[in-house]
Amino acid sequence: MRVFFIGFGQAGGKIVDMFLAQDKKLGSTSFRGIVINTARTDLMGVKYIPMEDRLLIGQTMVKGHGVGTDNVTGAKVAADEIDTIINAIDKRGTHDVDAFVVCAGLGGGTGSGGAPVLCRHLKRIYREPVYALGIIPAPEEGRLYSLNAARSLSTLVNEADNVIVFDNSAWKNDGESVKSAFDRLNEEIVRRFGVLFRAGEVNKFGVGEMVVDSSEIINTLRGGGISSVGYAISEAIPKGGRSSSKSGGGLLGGLLGKKDKRQEPHIDITSSEDKSAKIIGLVRRAMLGRLTLPCDYSTAERALVLVAGPPTELDRKGVEKSKSWVEENIAGVEVRGGDYPVDSGYVAAVVLLATIGNAPRIRELMELAKEAKEEVVRSRERATSSMFEDGIDPLFE
Ligand code: GDP
């Protein structure tokens, strides 16, 4: 799928930078994108995106210093300068893209406020679907972040064609601060979505036996709302039968990534039955393991199953059986899927759970936001009533 990424704000910018760096490393041209910010220093911190694709907005209002965590100002700046933003996107080329993906940290100011505004305008102007990849803050980041994220997410679900959520708190380790985990979390994000969005891409291994093309991703996400993604990998077995974990190089070698130490021990298997069982096991682990947004998977309306790996490992029966298993376990009946041959020492399964009906973390986020809003009102009342309560008339109204 050819994706146009827009990184809005600091988190969004860093992630889009990594998507494009991955594309370059793989010698692929599936991804393109620009980054937008109100803070000049954040734009300078981006590594791979060329200078002409970094857009500074809000200069008259905030003079390149950013909007802090004020997402109302973030939204205003984006709305005021929407023509400049759309021009920058057009200049980068949009005629052959299959979808737009707007990436942003929803707890901050620039991306949190700007992403919903941009999604609205992209949808108005282009026929291609517009998705948001939204990062929600951990509760420990403070209630203001939760309030920002709750407002941004509630707006985004009405403005984007689907919001795929990544939850920082689900992904940081115990005892680790959210900030120190950013690089690792971003790698997780880029790995999962890199594999998902590349499905159907033609490479030197040809196309898969059961190709997942962009229309299937688009149809899976058609229901709107919020979605979550699961991922699992296992070592591939080369023809000789020994594990090939050291030969992870090649054209797409870096794409699937390293095996998580916490995953099950590897078992050598070579027959078709075994390959099929391995794929089913991988898909189960992807769906039942850690999702980008922890949720009740049984409430998903649609799903997409993608198995990526060396062609010798991709077993049609395994993919079909996995699809049936996913279908038995989600609310809806639409499960799409296929394979994606890549040069890698690993086999990976990606499960996209679309239009989820129940995610406790979203409820928690909304609760925290409600408390934060009440606290803001109370403290404003306290501040004004304590000093100015003796009825002196103001000079003018
Ligand atoms: P903005 O520049 O005003 O849009 O604000 P940020 O992009 O810094 O958004 C703040 C939110 O994004 C907070 O919840 C941060 O925890 C989160 N965040 C900031 N940088 C990163 C990052 O590199 N990775 C991840 N996963 N989250 C980030």
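Predicted model: local features only at pLDDT ≥ 70, side-chain atom pairs only at ≥ 80, totals over all residues.
Local features rest on pLDDT of at least 70 and side-chain atom pairs on pLDDT 80 or more, while totals for chains, interfaces and linings use all residues. Residue numbers start from 1 along each chain as its sequence is written.

The protein chain has 14 helices and 10 strands; these are DSSP runs numbered from the N terminus, with helices (H or I) of at least four residues and strands (E) of at least two. Of its 397 residues, 50% count as buried. Buried means that 20 or more other C-beta atoms, placed from the backbone, lie within 10 Å of the residue's own, exposed means 12 or fewer, and partly exposed is in between. Among contacts with a separation of 6 or more, 82% join residues 24 or more positions apart. A contact is a pair of residues whose C-beta atoms, placed from the backbone, lie within 7 Å.

The ligand is surrounded by 21 residues, the closest being Gly 9, Gly 105, Gly 107, Gly 108 and Gly 111. Nonpolar covers Ala, Val, Leu, Ile, Met, Phe, Trp, Tyr, Cys and Pro, charged covers Asp, Glu, Lys and Arg, and the others, Gly among them, are polar. H1, H6 and H9 each give at least two residues to the shell.

Two of these helices also pack against each other. The axes of H1 (residues 9-25) and H9 (residues 178-198) come within 10 Å and cross at roughly 50°, which means that H1 is oblique to H9. Axes are lines fitted to C-alpha atoms, for helices over the stretch in contact, and angles run from 0 to 180 degrees between N-to-C directions. Angles under 35 degrees are roughly parallel, over 145 roughly antiparallel, 65 to 115 roughly perpendicular, and the rest oblique. From H1, Lys 14, Ile 15, Met 18, Phe 19 and Gln 22 meet Asn 186, Ile 189, Val 190 and Gly 194 of H9. Five of the residues in this contact are nonpolar, three polar and one charged.

H6 has a helix partner in H5, at an angle of about 60° and with the axes 11 Å apart. That angle makes H5 oblique to H6. Ile 82, Ile 85 and Ile 86 of H5 make the contact with Val 117, Leu 118, His 121 and Ile 125 of H6. Here six residues are nonpolar, one is polar and none is charged. H5 (82-92) and H6 (110-125) are also among the helices that cover the buried residues of H4. In H4 (residues 71-80), the buried residues include Asn 71, Gly 74 and Val 77.

Some single residues complete the picture. Lys 63, in the loop between H3 and H4, has a positive phi of about 55° although it is not a glycine. Lys 63 is exposed because 10 other C-beta atoms lie within 10 Å. Thr 355 likewise has a positive phi of about 55° without being a glycine, in the loop between strand S10 (346-354) and helix H14 (360-387). Thr 355 has 22 C-beta neighbours inside 10 Å and therefore counts as buried. Glu 216 belongs to helix H10 (residues 214-221) and, with 19 C-beta neighbours inside 10 Å, is partly exposed.

How values were computed: Contact = placed C-beta atoms within 7 Å. Near = placed C-beta within 6 Å.
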